[in-house]
Amino acid sequence: MKHLDLDHSSIFSELRRVDMFQYFTDQELGAFIDICDGREYDTGERILEQGSMDHELYIILHGSVDIRKRAGGKTDIPVSVLNAGDVFGEASIFLDVARTANVSAKKPVRLLFTTREKLFAYCNEKPHAGLKIFSHIIYSLLNKLSAAGAELARERETMVTDEDMDRLKEMFPSLDQLIGEEHSPFSE
């Protein structure tokens with residue numbers, strides 16, 4: 001991870017291409033950049049650790065990240081990939097909860113981030129901009145929830161039920177039928 005020096009004018013033009021900021025005035029966008037810091041990560045580098053506690057909201061300027069969830073101590077399960085213009089870390093802005101997933105750089109990635117305290121102070125000073133930010137965050141969370149629901153439905157559709165197993169058992173002969181009663185180790 002490297003600290004990213006923020007060139008105000010280049011960050012300004014990059015953020016203009018991000019959906020979340022398309023309706024910001026120049027003054028709102030400039031003031032938002034002032035509350036942010038930047039970082040760069042190389043491919044594979046961990047950005048967030050599941051279970052950690054922090055209160056930062058991230059905006060992907062360039063590159064992409066893998067979102068993976070560790071379930072039951074097993075290896076990480078892929079959840080999604082986020083790309084330039086996407087945000088992550090939304091839950092920590094609203095709640096004091098541990099991070100729910102691991103986030104790593106899928107490709108080299110440049111991120112802009114801000115803390116809960118700075119973001120809320122900004123929103124108090126600029127309520128119209130705050131409304132735009134939180135509307136986008138809600139929209140982003142609803143899209144992620146919809147995608148997760150669709151994935152869950154697909155998984156459930158492909159699950160083998162008890163009825164499926166019973167039908168499969170009926171389609172194949174039993175072991176006794178295959179080797180015959182006379183060759184069974186349990187016959188006299």
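Mentor: We may, bearing in mind that the model is predicted. Ring pairs join Phe21, Phe24, Phe32 and Tyr122 into a cluster, and the structure holds 7 aromatic pairs.

Trainee: Why is the pair of phenylalanine 21 and phenylalanine 24 called edge-to-face?

Mentor: The ring centres of phenylalanine 21 and phenylalanine 24 are 5.0 Å apart, and rings count as a pair if their centres lie within 6.5 Å. Their planes stand at 80°, and an angle over 60 degrees counts as edge-to-face. The pair is therefore edge-to-face. Both phenylalanine 21 and phenylalanine 24 are buried.

Trainee: What makes the pair of phenylalanine 94 and phenylalanine 134 tilted?

Mentor: The centres of these two rings lie 5.6 Å apart, with the planes at 50°. Stacked requires under 30 degrees and edge-to-face over 60, and the rest count as tilted; the pair of phenylalanine 94 and phenylalanine 134 is therefore tilted. The pair links distant parts of the chain, as phenylalanine 94 belongs to helix H3 and phenylalanine 134 to helix H5, 40 residues apart.

Trainee: Why is phenylalanine 94 called partly exposed?

Mentor: Phenylalanine 94 has a relative accessible area of 41%. Buried means under 20% and exposed over 50%, with partly exposed in between, so phenylalanine 94 is partly exposed.

Trainee: And why is phenylalanine 134 called buried?

Mentor: The relative accessible area of phenylalanine 134 is 19%. The cut-off for buried is under 20%, so phenylalanine 134 is buried.

Trainee: Turning to the sheet, why is one side of strand E1 and of strand E7 left without a neighbour?

Mentor: The open sheet has 5 strands in the order E1-E2-E9-E4-E7, with antiparallel pairing. Strand E1 (2–4) and strand E7 (87–88) stand at its edges with a single partner strand each, so one side of each has no neighbour in the sheet.

Trainee: How do you know that strand E4 and strand E9 pair?

Mentor: Two strands pair if there are at least two bridges between them. Strand E4 (residues 56–62) and strand E9 (residues 109–115) have 6 bridges, in the antiparallel sense. Tyrosine 58 stands opposite phenylalanine 113 in E9.

Trainee: Lastly, what makes up the lining of the largest pocket, by class?

Mentor: The lining comprises 19 nonpolar, 8 polar and 8 charged residues. Helix H5 (127–158) gives the most, with 11 residues. The largest pocket holds about 1,000 Å³ of space. Of its 35 lining residues, the closest to the centre are Ile67, Val79, Ser80, Leu82 and Lys144.

Note on methods. Residues numbered from 1 in each chain as written. Predicted model: local features only at pLDDT ≥ 70, side-chain atom pairs only at ≥ 80, totals over all residues. Heavy atoms only, no water. Helix = DSSP H or I, 4+ residues; strand = E, 2+ residues; numbered from the N terminus. 1 Å grid on protein atoms, 1.4 Å probe; cavity = no way out; pocket = protein on both sides within 12 Å on 5 of 7 lines; lining within 4 Å. Points joined across faces, edges and corners; volume = space filled by probe spheres on them. Nonpolar A, V, L, I, M, F, W, Y, C, P; charged D, E, K, R; others polar. Phe/Tyr/Trp six-rings, centres within 6.5 Å; stacked < 30°, edge-to-face > 60°. Buried < 20%, exposed > 50% of the residue type's maximum accessible area, 1.4 Å probe, protein only.
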